[in-house]
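Subject: Structure handover

Hello,

Here is the structure you will be working from. My notes on it follow below.

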Amino acid sequence: MSQTTPALKLSNIELHYGYVRALDGVDFHVQPGEIVGLLGDNGAGKSTLLKVMSGAHRPTHGTIEVNGQATAFHTPKDAAAVGIQMVYQDLALVEAQDIATNLQLGREPLRGFPFNIIGFVDHKAMQRTSAEQLSRLGVRTAPMNRPVEMLSGGQRQVVAISRAAVRVMESGGVILLDEPTAALGYEQTQLVEELIVKMAQQGIAIVLVTHNLPLCYNLAHRIVVLNRGRKVADIAKTETDMDSVVGWITGAKKAM
Amino acid sequence: MSHSPVDRQDAVGGGKRTTDRGIETSHLPFNIRALVFVRERGIIVLWLLLLLFFAIWDHPYFASVANGLLILQAAALTAVYAAGVGIGAISGALDLSVPGVAALAGVVTGKLITLGQPVWLALLAGLLIGVVAGLVNGFITLRGLNPLVVTIGTLSVMSGLAAVVSGGYTIPGLDELTFMGTARYFGIPVHVYLVALLYVVGTVFLTKTRDGIRLVAVGGNPEAVRRLGINSPRYQLLGFVITGCCSALAGLMTAALVTEASPQASPASIFQALTAVALAGVSLGGGRGSLPKVLVGAIILATIGDGLTIAGVQPYWATVTTGVLMITALVIDRLLTQIISDRLVEVGSMSTHVKDGKG
């Protein structure tokens, strides 16, 4: 997996808030189809790093490469344009609207001439496309015209993640997940885990930020641990164990 | 749980039983389907019951074409105000400056006509007042201020300006406007045509067009829509402009009906409109609501007024009845939402998280 160009590569990232060094010379990369678990205690800098990747924060120093091309993000929109999508903890779905509308919002298919002049939306195409996209991801939730507010928490999270996935699929792309199962029960977590694995199989690079160690251990190919703004570990899951990871997180174990 | 296989035809929902919001309910248990039906269509049932009730009570004067047209004529102005307030509420912009905008639009048009300007120009200027008022309300609200407070402020400004323009007096003798006031075409009052046109265009816009769908989505969750790369503030602004235009149109129709333009803003219009909107189950929190039901709401108000008047009941009782009806409708809607939500949880795999204030 390491021979190919990384989908996203950050080198020597520093970010200062006044005197505080939130990130201190962090290198990070993720390959297409790879799931990287990004771990760390509260305040270790993992959310900050995620925000740098998603374009919400600009690093003080350091370079960002997407598929080998050096880039600079000024807004999350710039990151989205090169195929990096962030899925937020609070879902960001429109409750009263159905699954299809939520999936296609911002890229709604229009009907043919002359209806497209006034912007008539092709509802059938919208539902068809949504169903196709979800089945390509192997997702089965509910009928496409079911309002999101009538879905379970797990189904909602699946819709939110799928939306990000279909938006980056064409470009290979990177998905950034922030605590994707924080509010979910056991079965619902299974549902989301399954989707994450399927997305990686489709060649999407995935960065998974979580406090949930077992989740990270289940899914990640590689684990990156931050402590006080520095990277203290970057290791394939098969070459380490949970105790070491906990050691790195708490700072009990020395940086690699 | 949600692994329950859903076959493809089901997933696209072709030819399945749906409610007017297009909710697919076909494989839900019957009792839930019935509850959803009552919640979605209850207002229409209520209106039919009212018609039946008054048809019997006021026999033989109520159930006639002439009286039907009278009801529609009486509902027209409220319906126009309610369309503006309704679309505004759906897009997340509750606008109370409506009566002020209507008064200012009326007197500006009236003034221009008495100054000898062409009628079309005067009407255009009146509608433009609505656009400007919407933009002002929108820009100030987008600065992060509470729309209620902002629009109460602009209500004052607009009605004050209306008095300034007219010198404080009603502008009389606007006979040029009867073509959109008391006129009838093919026996039907012109206001009925205007309302029909407004609601058809509005409904098609909200449900079929890209901008309309985004407008509703922005009302539901502006932040979510913004994150998808859509310019949310532009749509929030659009909501205010639509409300402003409807208010101005209502002001012009009022002036045309009485052939004079009063600078007096009538607060009753906004409360009637809000009642119709609330009866229609439009969430004042934004993001949900159906325009045709708002129209039914406005017609219900007119039906009650008309029915009670024919029966010889003091008109004050119409106001009391409307208030009681509205509160009852809100309570029933909240109860039904809760029950449906609970039932869905029992059925498993689904839940409706009822957000506070979104009932």
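In which sense do β6(A) and strand β7 of chain A pair, and over how many bridges? They pair in the parallel sense, over four bridges, with β7(A) spanning residues 174-178. Strands here pair if DSSP finds at least two bridges between them; helices (H or I, at least four residues) and strands (E, at least two) are DSSP runs, numbered from the N terminus.

This is a predicted model, in which local features need pLDDT of at least 70 and side-chain atom pairs count only at pLDDT 80 or more, while totals for chains, interfaces and linings use all residues. Residues are numbered from 1 along each chain as its sequence is written, and chains are lettered from A and ligands numbered from 1 in the order in which they are written.

Chain A overall

Chain A has eight helices and ten strands. Along the principal axes, the C-alpha atoms of chain A fill a box of roughly 65 × 40 × 35 Å. Of the 256 residues, 52% count as buried. A residue is buried if 20 or more other C-beta atoms lie within 10 Å of its own, exposed if 12 or fewer, and partly exposed in between, with C-beta atoms placed from the backbone.

The six-strand sheet

The pair β6 and β7 belongs to an open sheet of six strands in chain A, ordered β6-β7-β8-β3-β9-β10, with mixed pairing. Its edge strands are β6 and β10 of chain A, each pairing on one side only. From one strand to the next the twist averages 20°; axes are lines fitted to C-alpha atoms, for helices over the stretch in contact, and angles run from 0 to 180 degrees between N-to-C directions.

Within β6(A) (residues 84-87), A:I84 and A:M86 on one side and A:Q85 and A:V87 on the other are all buried. The bridge partner of A:I84 in β7(A) is A:V174. Further along, β3(A) and β8(A) (residues 205-209) pair in the parallel sense over four bridges, with A:I35 bridged to A:I206 of β8(A).

Helix α8(A)

The buried residues of α8(A) (residues 242-250) are A:V245, A:W248 and A:I249. They cover an arc of only 100° around the axis, so they are on the same side of α8(A); the arc is that of the directions from the helix axis to the C-beta atoms. A:D243 and A:T250 are exposed on the other side of α8(A). The cover over the buried residues includes β3, α7, β9 and β10 of chain A, counting two residues as in contact if their C-beta atoms, placed from the backbone, lie within 7 Å. After α8(A) comes A:G251, with a positive phi near 90°.

The four-strand sheet

Chain A also has an open antiparallel sheet of four strands, in the order β2-β1-β4-β5. β2 (20-30) and β5 (69-71) of chain A stand at the edges with a single partner strand each, so one side of each is left without a neighbour in the sheet. The twist averages 30° from one strand to the next. β1(A) (residues 8-17) and β2(A) pair over seven bridges, and A:L8 has A:V30 as its bridge partner in β2(A). α1(A) (residues 46-54) packs on this sheet too, touching β1 and β2 of chain A at about 120° to β1(A).

Backbone points to check

Most residues other than glycine have a negative phi, and most peptide bonds are trans. The exceptions include the following.

- A:F113 and A:P114 are joined by a cis peptide bond, with omega about 0°; A:P114 lies in the loop between α3 and α4 of chain A.
- B:H59 to B:P60 is also cis, with omega near 5°; B:P60 is in the loop between α2 and α3 of chain B.
- A:N67 has a positive phi of about 50° and lies in the loop between β4 and β5 of chain A.
- A:R228 has a positive phi near 50° and lies in the loop between β9 and β10 of chain A.

Regards
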